[in-house]
Structure formats: structure tokens, C-alpha cells
Amino acid sequence: MRRWAAWLLALPLLLGGCGDRSLILTVDVLSFLSPADVSQSYSVPGGIPSTTVDVASESVNLLPGVGDVTEVSSATLKIAASFDNQTGTASGTVLIYIASADSTDPFTTTPIASLPVTLTPGNVTNVSTEVSSIQLAQALVHASARVGIRINFDSTATPPLQFVTGTETITQLLATVITKKKL
């Protein structure tokens, strides 16, 4: 009986080398951002169709060498944000940019994700999504990456001389990258 139990314990170790040799990286991108970049107050004048607020632009150090020995299979990014809007009405878009570190400005690349948001006075609005992107995967298998967060506001629903004010907080930026061993 003991011999049988020993084989059962050893079986997972023996089969461990028989898989597809995937490396799954989970990167809490939010943890790399400073608290000042995670939560910010906004004050946007009313009556303007497009106002851009850059929330964050950070360089993130990752796991070096992963891109040299693996090929990317897929990548997903879970994103969530909360808006505690005090005054005014606006619609907006939260744009998430993640680019390889050789990019001097992440905002010059195509956004990884775009989340629509509608803000009304005195309400908290939560938005979230999950996106898949090869651009994300390619950026996260390098030694470092650039992360940018931008919000575009359309405050035409608020009269001029009034403001849309509140606080935005990015609550989740969690990336999962699946890579396979290069042959």
C-alpha cells in the first residue's frame, strides 16, 4: 500500500514535464503605479466637447529575458475604474495604453482598451472590461514597459461656466500573458 501511495505522489512530478510548456504571467500593473496616478481629482469646464486629462504615464520594470525564450500565445487585461462625480454631467472614455519600453510616450501608440463612462452629479460610476491584445502581450514580455492612462471628457451636457468635478480611481489593471517555449 505504501508503494502505491508513493507512486501516486510521484505521478504529478513525472507528468509535470509532459505539458505544453506554457508560462503564465500575471502582472498586477496597477501595483506599479504611484498612488497619485491611481486616484486623481478632475475639474472639467462645462460646454466643451473634448477635454483630455492624462492620469498616468509610468515606466514599469518587469521580468527580464522572458521574451527571449518564449513566444506569446495570448494576453488579457482586466480593467476597472470608479468615478465619484460631484457636480456636472459628462460622458467620457478611459483609455489604457501599454507599450514596450522603447516607446518614449505611450500615448503615441494605439490604446489597449477604451472604456466608456457616463457621469452624473452626486453619483459614483463604476466601469470595467476585459480585453485581449497581442500588443499588450508583446509589451509585457520585455524587461520593462510604458503604461499610460488618459480620460477624454465630453462636457457639453453641462452649461458653460459650470464644471464637472469629482475623483477618478483606477481600481484594477491586471494582465495575464500566456507564453509557450520557443522551439
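Strands are DSSP runs of E with at least two residues, numbered from the N terminus. By that count Ser74 lies in strand S4, which spans residues 70-87. The model described here is predicted.

**The chain as a whole**

The chain has four helices and nine strands. Along the sequence they follow the pattern α-β-α-β-β-α-β-β-β-β-α-β-β. Of the 183 residues in the chain, 38% are buried. The accessible surface comes to about 9900 Å². Carbon and sulfur atoms account for 57% of that surface. Now take the contacts between residues at least 6 apart in sequence. Of these, 87% join residues at least 24 apart.

**Strand S8 and its partners**

Strand S8 covers residues 144-154. How many of its eleven residues are buried? Nine are, so S8 is largely enclosed by the rest of the structure.

S8 pairs with S3 in the antiparallel sense, over ten bridges. One of the partner pairs is Val60 with Ala145 in S8. S8 also runs antiparallel to S5, and ten bridges join these two strands. Here Ser91 has Asp154 of S8 as its bridge partner.

**A salt bridge and a ring**

The structure has one salt bridge. Which side chains meet in it? They are those of Asp54 and Arg150, at 2.6 Å from N to O. Asp54 lies in strand S3 (residues 51-61) and Arg150 in strand S8, so the pair ties together parts that are 96 residues apart in sequence. Asp54 has 41% relative accessibility and counts as partly exposed. Arg150 is buried, with a relative accessible area of 19%. The cut-off explains that label, because buried means under 20%.

Arg150 has another contact to note. Arg150 lies over the face of Phe107, at 4.1 Å from the ring centre. That brings us to the aromatic rings.

**Aromatic pairs**

A pair of aromatic rings is described by the distance of the centres and the angle of the planes. The structure holds three aromatic pairs. In one of them, Tyr97 and Phe107 have ring centres 5.1 Å apart and planes at 85°, so the pair is edge-to-face. The cut-off for that label is over 60 degrees. Tyr97 sits in strand S5 (residues 90-100). Phe107 sits in the loop between S5 and strand S6 (113-119). Ten residues separate the two, and their pair links distant parts of the chain. Are these residues buried or exposed? Both Tyr97 and Phe107 are buried.

Elsewhere, ring pairs link Tyr42, Phe83 and Phe153 into a cluster.

The loop between S8 and strand S9 (163-181) holds Leu161.

| Residue | Relative accessibility | Class |
|---|---|---|
| Ser155 | 0% | buried |
| Thr158 | 2% | buried |
| Leu161 | 87% | exposed |
| Ser74 | 30% | partly exposed |

Start with Ser155, which is buried. Leave aside residues up to four places away in sequence. Ser155 then touches Val44, Pro45, Gly46, Gly47, Ile48, Thr89, Ala90 and Val164.

Thr158 is also buried, at 2% relative accessibility. Which residues is Thr158 in contact with, beyond its neighbours within four places in sequence? They are Gly46, Gly47, Gly88, Thr89, Phe163 and Val164. Gly46 is on the list for Ser155 and on the list for Thr158.

Leu161 is exposed. Most residues other than glycine have a negative phi. Phi of Leu161 is near 75°, a positive value in a residue other than glycine.

**Back to Ser74**

Ser74 is partly exposed, at 30% relative accessibility. Not counting residues up to four places away in sequence, Ser74 touches Ala137, Thr176, Val177 and Ile178. Where does Ser133 stand relative to Ser74? The two are 59 residues apart along the chain, and their C-alpha atoms are separated by 7.2 Å.

Notes. Residues are numbered from 1 along each chain as its sequence is written. This is a predicted model: local features need pLDDT of at least 70, side-chain atom pairs count only at pLDDT 80 or more; totals for chains, interfaces and linings use all residues. Side-chain values use heavy atoms; hydrogens and water are left out. Rings of Phe, Tyr and Trp (its six-membered ring) pair if their centres lie within 6.5 Å; planes under 30 degrees apart count as stacked, over 60 as edge-to-face and the rest as tilted. Buried means under 20% relative accessible area, exposed over 50%, partly exposed in between (1.4 Å probe, protein chains only). A charge sits over a ring if NZ of Lys or CZ of Arg is within 6 Å of the ring centre and within 35 degrees of the ring normal. A salt bridge is a side-chain nitrogen of Lys or Arg within 4 Å of a carboxyl oxygen of Asp or Glu. Two strands pair if DSSP finds at least two bridges between them. Contact means heavy atoms within 4.5 Å. Accessible areas come from the Shrake-Rupley method with a 1.4 Å probe; for residues, only the protein chains shown count as cover.
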